[in-house]
Amino acid sequence: MDEALRRIERFSAWFGRASSWAVPVLVVAVCLTVLLSLLRANMLFEWGFKLPLFGSKLSMSGLNDLQWHLFALMVMLGFVYTLHENGHVCVDFISSRFAPRTKLLVTLLGDLLLLLPFALVMAWFSWQFMASAFASGEGSSDGGLEQRWMIKAVMPLGFGLLALFGLARVLRTARALLVRQG
């Protein structure tokens with residue numbers, strides 16, 4: 001049972017680890033934006049067919065949009081990975097004095113009372129946010145990236161993965177508390 005729950009946690013965190021590819025792409029996009037701004041260039045590339053998200057061209061507006069899209073990927077998918085790797089902010093100077101059982105209890109209560117409700121509410125509202133963008137065909141009004149719903153879809157995915165991770169950790173933590181008690 002514990003191994004199955006840990007696999008669910010690793011699966012949820014995998015997306016954040018995979019989103020790390022966005023860091024070097026973001027650095028290149030920022031450097032390219034600075035360079036092309038200095039050269040006063042606006043149109044970067046045009047092609048004779050439509051690509052998802054990009055349409056038929058990449059302009060400075062599209063490059064600027066791409067930067068915040070990449071940043072959104074890193075943040076929305078990276079927070080589950082950070083939580084999985086225990087890299088989140090925590091009050092260590094207080095929790096370091098807790099007994100192992102107390103730490104488990106604090107984790108369980110925090111996940112049940114804070115993490116899961118937050119993740120579920122945010123997944124619900126961000127799904128509606130994304131669905132509205134999809135239904136309206138929302139895109140950039142200034143020649144940037146098209147199909148804005150694609151990046152907005154990362155929000156319910158990220159919060160859904162956070163809820164999945166939280167549920168698996170709640171079950172694993174509750175099991176650990178019961179085993180320690182019995």
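Modeller: A crossing is left-handed if the near helix is turned anticlockwise from the far one by less than a right angle. In this predicted model, helix H2 passes helix H3 in a crossing of that left-handed kind.

Biologist: Why are H2 and H3 called roughly antiparallel to each other?

Modeller: The axes of H2 (residues 22-38) and H3 cross at roughly 155° and come within 9 Å. Angles over 145 degrees count as roughly antiparallel, and the two helices are therefore given that description.

Biologist: Which residues of H2 and H3 meet, and how many of them are nonpolar, polar or charged?

Modeller: On the H2 side the residues include Ala 22, Val 23, Leu 26, Val 30 and Leu 36, and on the H3 side they include Met 60, Leu 63, Gln 67, Leu 70 and Met 74. By class, this contact has twelve nonpolar and four polar residues, with no charged residue among them.

Biologist: What makes H1 and H3 oblique to each other?

Modeller: Helix H1 (residues 2-18) packs against helix H3 (residues 60-84) at an angle of about 130°, the axes lying 7 Å apart. Because 65 to 115 degrees counts as roughly perpendicular and over 145 as roughly antiparallel, H1 and H3 are therefore oblique. The crossing of H1 past H3 is left-handed. Among the residues making this contact are Glu 9, Arg 10, Phe 15 and Arg 17 of H1, together with Leu 77, Val 80, Tyr 81 and His 84 of H3. The contact of H1 with H3 divides into five nonpolar, four polar and three charged residues.

Biologist: How do you know that the side chains of Glu 3 and Arg 7 meet in a salt bridge?

Modeller: The N to O distance between their side chains is 3.7 Å, and the cut-off for a salt bridge is within 4 Å, so the pair qualifies. Both residues lie in helix H1, four residues apart, about one turn of the helix. The structure holds eight salt bridges.

Biologist: Where in the chain is confidence lowest, and where is it highest?

Modeller: The lowest confidence is in helix H4 (residues 92-95), at a mean of 69, and the highest is in helix H5 (residues 100-136), at 94. For the chain the mean pLDDT is 90, with 97% of its residues reaching 70 or more.

Notes
Residues are numbered from 1 along each chain as its sequence is written. This is a predicted model: local features need pLDDT of at least 70, side-chain atom pairs count only at pLDDT 80 or more; totals for chains, interfaces and linings use all residues. Side-chain values use heavy atoms; hydrogens and water are left out. Axes are lines fitted to C-alpha atoms, for helices over the stretch in contact, and angles run from 0 to 180 degrees between N-to-C directions. Angles under 35 degrees count as roughly parallel, over 145 as roughly antiparallel, 65 to 115 as roughly perpendicular and the rest as oblique. Contact means heavy atoms within 4.5 Å. Ala, Val, Leu, Ile, Met, Phe, Trp, Tyr, Cys and Pro count as nonpolar, Asp, Glu, Lys and Arg as charged, and the others, Gly among them, as polar. pLDDT is the predictor's confidence in each residue, from 0 to 100.
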